[in-house]
Amino acid sequence: MKVSVIGASVSGLFTAYLLAKEGVEVEVYERGNVLGWPPRTLIVTNKINEILDFIPEEAIINRIRYVELFSRSRSARLELSSPDLVVEREKLLNLLARLAKEAGAKMVFNHQFEGFAQFGRKIVVSLRNLETGEEHRRSTDILIGADGALSAVSRAASRNGHHLTALVQAKVLLPEKANADTSQVWFDSDQTKYFHWLIPESNRVGAVGLITENIQEADACLKVFLKKRGLETLEFQTALIPMHHFEWLGGFLTPGRNVFVVGDAAGQVKVTTVGGVVTGLHGARALATAVLNGKNYRKELRELKLELDLHLLVRRVLNWFNEKDYDSLLSMLDGGLKDILQEWTRDELSNSFLSLILKEPRLITLGAKALLKSLL
Ligand SMILES: Cc1cc2nc3c(=O)[nH]c(=O)nc-3n(C[C@H](O)[C@H](O)[C@H](O)COP(=O)(O)OP(=O)(O)OC[C@H]3O[C@@H](n4cnc5c(N)ncnc54)[C@H](O)[C@@H]3O)c2cc1C
């Protein structure tokens with residue numbers, strides 16, 4: 001069996017590794033000429049270790065033990081039972097690429113996926129060599145699109161794509177009062193439906209960011225935030241992020257059942273925080289299991305889908321929160337909610353969701369009020 005993976009990033013490389021180590025012939029095509037460009041600071045929960053089945057030690061640049069949350073007039077501090085990991089994307093990709101190559105996967109850079117055609121059980125993939133401009137055709141049994149938010153594989157299979165949101169992040173010199181083991185989150189519903197964050201990478205440098213509907217808006221809001229706090233900017237990181245929706249998480253895309261998408265290409269992103277690394281890796285594991293065992297990818301994705309659907313539900317509620325609602329939410333943390341949020345990571349909402357509601361039934365009223373606003 002031959003598998004062609006489009007996209008050498010988190011989800012493509014992990015899928016390639018899992019398949020190659022079981023003896024599958026795998027080729028990964030990447031349009032870039034290096035791994036991990038543009039640079040990106042990522043914060044992930046330690047669920048990443050469970051999904052990878054190893055600790056990506058060489059990619060971890062910091063560990064976050066505390067999270068401070070701020071609304072207009074309240075604040076709360078969480079002490080995480082398992083620290084969040086700050087990861088340098090380039091190092092993580094180099095690690096995954098090395099594992100994939102050692103397992104036998106072939107990596108081809110400067111090759112852009114342009115389309116595919118199905119001939120019986122076979123797929124012919126069209127690729128353009130971006131150095132020479134030449135077009136190549138490759139025959140394969142399975143095609144996997146791990147080609148990000150604007151997935152060309154998904155579009156070639158006539159899917160319309162995902163609703164996208166904009167994420168802007170700036171690398172800054174860490175303010176004097178900030179601690180390297182503490183990330184900070186500010187809820188300011190006048191500026192964004194999401195939040196602003198500060199993630200320390202070290203004692204010296206951190207990443208400040210926010211998410212809004214479009215890049216211009218995100219850019220403008222971030223600049224106001226940086227100015228207000230007097231933060232010195234070293235560089236900007238910007239991108240569009242796909243939003244998970246209830247209906248679909250990536251089954252097969254063609255009647256031949258041999259074209260799939262994974263990671264951002266499949267919208268496998270937690271829409272509360274727009275984190276897509278752990279969920280993309282989870283999707284990759286589900287896809288590799290399905291391919292290796294001839295199982296149904298959609299079924300293998302059930303656990304991830306439940307997790308992402310719950311995040312979507314929470315996001316739909318938070319989208320209608322005002323400053324007062326965030327004040328109420330943070331004031332509730334001092335009850336038993338805090339213990340649950342400290343115990344379970346944000347990649348384990350399906351484990352904590354019921355406990356949160358049982359511990360603090362006022363969450364239902366707060367959520368119902370927000371949902372009612374969405375209907376008016
Ligand atoms: C600034 C920023 C900060 C972020 N921070 C976090 C965070 O803290 N935590 C978190 O969990 N997530 C974070 N995310 C989201 C996370 O980075 C993505 O969810 C994750 O990288 C998705 O990985 P992927 O492998 O699915 O896709 P991508 O990383 O988007 O990779 C797609 C790959 O496919 C290649 N490609 C695209 N089209 C083609 C084509 N036609 N032919 C060949 N190759 C192609 C691209 O060059 C790329 O290498 C952040 C995103 C951004 C932009």
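Analyst: The sheet is an open one of 5 strands in the order 6-2-1-10-16, with parallel pairing, where two strands pair if DSSP finds at least two bridges between them. Its edge strands, each pairing on one side only, are strand 6 (106-108) and strand 16 (259-261). On average, neighbouring strands of this sheet are turned by 20° against each other, direction ignored; axes are lines fitted to C-alpha atoms, for helices over the stretch in contact, and angles run from 0 to 180 degrees between N-to-C directions. Strands (E, at least two residues) and helices (H or I, at least four) are DSSP runs, numbered from the N terminus.

This is a predicted model, in which local features need pLDDT of at least 70, side-chain atom pairs count only at pLDDT 80 or more, and totals for chains, interfaces and linings use all residues. Residues are numbered from 1 along each chain as its sequence is written, and side-chain values use heavy atoms, with hydrogens and water left out.

Within the sheet, strand 1 (residues 2-6) pairs with strand 2 (residues 25-29) in the parallel sense over 5 bridges, and S4 has E27 in strand 2 as its bridge partner. Helix 1 packs on the sheet and touches strand 1, strand 2, strand 6 and strand 10 (142-145), its direction making about 165° with that of strand 2; contact here means heavy atoms within 4.5 Å.

Helix 1 (10-20) also supplies at least two residues of the shell around the ligand, as does strand 3 (41-44), among others.
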